[in-house]
Amino acid sequence: MATDLTGGLSEDREYVFAEQPEDPEMRESVNIWLWDQGDQVGIPRIGIEAVADQWETHEVQVNIASGDGRVFTRFGTGKIHDPMNARGQPATLGAGPLSFEMIEPFRHWRMRFDGMVNGWTSDEQIAGGRPQGEPSVPVQAEIDLYSAVPPWENGGLLAEAKRVLEEQDEGALMGNPRFEQLARAQGTLKIGNEEHSIDGGALRIRRRGVRRLATFWGHAWQSALFPSGRAFGYITYPPREDGLPTYNEGFVFEGDGELIPAWVVKAPWLKRLNHHGDDVSVVVETEQGTETIEAETVMSGFMVMGGVGPGTEGYPVLQQAITRFRWSGEVANGMTERSMPGNLIET
């Protein structure tokens, strides 16, 4: 069975804004999670957020993690790049040292970074610390992403998931319309004097719309692509306090054909903060049955915005991790992102 790497989406969804949108709240973004096959280094999120009311500069976010607990981060703004390619198409979202170039819609993107970052540790992040001083560690990266799985558009696989995104605040939290796509990744990543050859995978996220995070109460999000071409992904939120059903949607991919709709029956909610070694296994269900995907975090970055324990219920805690998955005899690295209010984190 042939695989349509567009997933039926229009190629227009891959191009970026050619000019500033009129709606000051309108935003678009490209975010990438990147992993190698080993356990030395990974990028649990690097991205650009472009918001219309601050159009001359875009937000740049860099999170690089290593297996020994070091992290390399950059949070700030950068002057925007010209989005137009040689064919006169708006194909590049860039700011400061970072750019994402669309080479072929839904098939090939290229990420480049050349700039300075802060070097510190995940333990300092868990303790609620902040980077000290100006960014002083040089990082260079050039990574090509070759799509291997059809894009998953949130709300596009399950009718109930679509209803929740359209009628409840989960849609504003996610910033729909939004899709993500798994890819093979190849390139180089240089951190200081350390050079890493990347031969692994990536998850690319494209989002365009208005996004509001004020009512965020946690989430679990995972995805991975295996050597055989099988893949999975999902996003779900914890139960709502008002008892309404919340967003719960995912997919299983068998290596060709279309995405198979799935939903989570047992999620690895964030309960404790460890750089690596957490059991983040998940159980998903499709119309064909239940699948258990075993998983363990390999390296992580954290944002602890207001501490943990009693009195921190208004402050989310975020973990972004490269994760090793085991599924039906195959092993592959992939991504995990989890969050929870600080008062629900074990101290």
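# Exercises on a predicted protein chain

Buried residues account for 54% of the 347 residues in the protein chain. The model is a predicted one.

## Exercise 1. The chain as a whole

Determine how many helices and strands the protein chain has, and how its radius of gyration stands against the globule rule.

Solution. 
- The protein chain holds three helices and 19 strands.
- Its radius of gyration is 19 Å, close to the 20 Å given by the globule rule for 347 residues, so the chain is as compact as a globular protein of that length.
- The C-alpha trace spans about 45 × 45 × 40 Å along the principal axes.
- Among contacts with a separation of 6 or more, 63% join residues 24 or more positions apart.

## Exercise 2. Surface and charge

State what share of the accessible surface belongs to carbon and sulfur atoms, and how far apart the centres of the positive and negative side chains lie.

Solution. 
- The accessible surface of the protein chain is about 14,900 Å², and carbon and sulfur atoms supply 47% of that area.
- There are 30 positive and 52 negative side chains in the protein chain.
- The centres of these two sets lie 2 Å apart.

## Exercise 3. The nonpolar cores

Identify the residues that touch the most other members of the largest nonpolar core.

Solution. 
- The largest nonpolar core has 37 residues, and Ile64, Met111 and Leu189 touch the most other members.
- Beyond its neighbours within four places in sequence, Ile64 is in contact with residues including Val41, Ile43, Phe72, Val139, Leu189 and Ile191.
- Another core, of 30 residues, lies apart from the largest one; Val164, Trp217, Phe251 and Met299 are among its members.
- In soluble globular proteins, nonpolar side chains tend to be buried together.

## Exercise 4. Val149 and its surroundings

Locate Val149 and list what Val149 touches beyond four places away in sequence.

Solution. 
- Val149 sits in the loop between β8 (137-147) and β9 (152-153).
- With a relative accessible area of 0%, Val149 is buried.
- Residues up to four places away aside, Val149 touches Leu5, Gln181, Leu182, Leu225, Ala231, Phe251, Phe253 and Leu259.
- Gly7 is 142 residues away from Val149 along the chain, yet their C-alpha atoms are separated by 8.8 Å.

## Exercise 5. Phe17 and Leu244

Classify Phe17 and Leu244 by relative accessibility.

Solution. 
- Phe17 belongs to the segment before β1 (27-35).
- At 18% relative accessibility, which is under 20%, Phe17 counts as buried.
- The contacts of Phe17, apart from neighbours within four places in sequence, are Met26, Glu28, Trp55, Pro83, Pro90 and Arg208.
- Leu244 lies in the loop between β13 (231-236) and β14 (248-253).
- Leu244 has 42% relative accessibility, between the 20% and 50% limits, and therefore counts as partly exposed.

Technical notes:
Residues are numbered from 1 along each chain as its sequence is written. This is a predicted model: local features need pLDDT of at least 70, side-chain atom pairs count only at pLDDT 80 or more; totals for chains, interfaces and linings use all residues. Side-chain values use heavy atoms; hydrogens and water are left out. Helices (H or I, at least four residues) and strands (E, at least two) are DSSP runs, numbered from the N terminus. The radius of gyration is taken over C-alpha atoms; the globule rule is 2.2 Å times the number of residues to the power 0.38. Buried means under 20% relative accessible area, exposed over 50%, partly exposed in between (1.4 Å probe, protein chains only). Contact means heavy atoms within 4.5 Å. Accessible areas come from the Shrake-Rupley method with a 1.4 Å probe; for residues, only the protein chains shown count as cover. Lys and Arg count as positive and Asp and Glu as negative; His and the chain ends are not counted. The place of a charge is taken as NZ of Lys, CZ of Arg, CG of Asp or CD of Glu. A nonpolar core is a set of buried Ala, Val, Leu, Ile, Met, Phe, Trp, Tyr and Cys residues joined through side-chain atoms within 4.5 Å.
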